[in-house]
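Welcome! Take a look at the structure before reading on.

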Amino acid sequence: MALTYRCLIIDDESPAHKALASHISKFDDLEHSGSAFSGMEALKMLNENNYDIIFLDINMPLLSGVELMEIQPKRPLTIVTTAYSDFALSAYQNDAIDYLLKPISFEKFSKAIEKARTYYSGKSLKKDDTTNKKVLSVRVNGQMTDVVISDILYIESLGNYMKLYSAKLNLPLLIYGSLASITSEIDSTDFLQVHRSYIVNVNKIKAVTFKNLTMNTNEIIPVGRKYQILLNSFFK
């Protein structure tokens with residue numbers, strides 16, 4: 001059976017929805033599965049439904065497209081669709097796979113979809129042969145190490161490096177990379193970014209307050225102001 005990619009259009013203008021929906025309808029492997037007319041509405045839909053690709057406008061009231069990307073790095077594949085060229089760097093820094101300027105031609109749209117297909121065709125998550133648990137492969141001191149994803153407590157960003165804390169390890173693992181890159185590898189609804197420097201395993205949280213949360217190891221993790229919206233919607 002052929003794959004079908006569920007698509008969510010996020011834009012505060014109806015004409016943009018109509019144009020993108022028209023482009024989507026021309027592909028047998030694309031399905032227009034939702035429409036959000038604000039960043040806040042999109043946030044709710046992303047937390048309640050599964051999508052494979054989102055088409056994201058930048059200039060929206062209350063919560064812009066860039067802000068949505070920053071507070072929800074663990075999101076479907078993102079294609080930015082905007083009338084403004086100024087935000088391309090921010091979009092790519094937040095792992096958008098393409099940046100399309102309006103009006104969006106069918107040719108440019110098609111090329112963006114081809115990038116999405118290429119991404120999904122090459123995406124795979126390793127399984128541990130003995131436990132059948134999902135694992136994350138990271139390079140530590142020049143060697144590849146497998147970490148069971150469900151054992152991860154939280155990940156802390158340190159510039160170009162990260163500290164990965166696991167319930168099964170006495171010391172954190174120091175690995176190269178960014179939080180944005182590792183969230184695509186984790187690919188799980190069990191992880192949430194709560195601060196520009198922290199991603200946490202929600203199953204390991206013991207208590208939540210406005211300014212911080214407590215892990216089940218009693219470690220305190222700060223909560224960034226703009227991430228509070230996402231945290232509140234998650235624990236409703």
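The notes below cover a strand, its neighbours and a pocket.

This is a predicted model. Within it, strand β12 spans residues 198–201 and is covered on both faces. The second largest pocket is lined by 19 residues.

- On one side of β12 sit Y198 and V200, and both are buried.

**Partners of β12**
- Strand β8, residues 152–158, pairs with β12 in the antiparallel sense over three bridges.
- E156 has Y198 of β12 as its bridge partner.
- Strand β11, residues 191–195, also pairs with β12 in the antiparallel sense, here over four bridges.
- Q193 has I199 of β12 as its bridge partner.
- A hairpin of two residues links β11 to β12.

**The second largest pocket**
- The volume of this pocket is about 480 Å³.
- Q93, N94, A180, Q193 and R196 are the lining residues that lie nearest its centre.
- Helices α3 (65–71), α4 (88–93) and α6 (179–186) are the elements that each give two or more residues to the lining.
- By class, the lining is made up of ten polar, six nonpolar and three charged residues.

**Where the two topics meet**
- Q193 links both parts of this tour: Q193 is the bridge partner of I199 in β12, and Q193 is also among the residues nearest the centre of the second largest pocket.

Notes
Residues numbered from 1 in each chain as written. Predicted model: local features only at pLDDT ≥ 70, side-chain atom pairs only at ≥ 80, totals over all residues. Heavy atoms only, no water. 1 Å grid on protein atoms, 1.4 Å probe; cavity = no way out; pocket = protein on both sides within 12 Å on 5 of 7 lines; lining within 4 Å. Points joined across faces, edges and corners; volume = space filled by probe spheres on them. Nonpolar A, V, L, I, M, F, W, Y, C, P; charged D, E, K, R; others polar. Buried < 20%, exposed > 50% of the residue type's maximum accessible area, 1.4 Å probe, protein only. Pairing = 2+ DSSP bridges.
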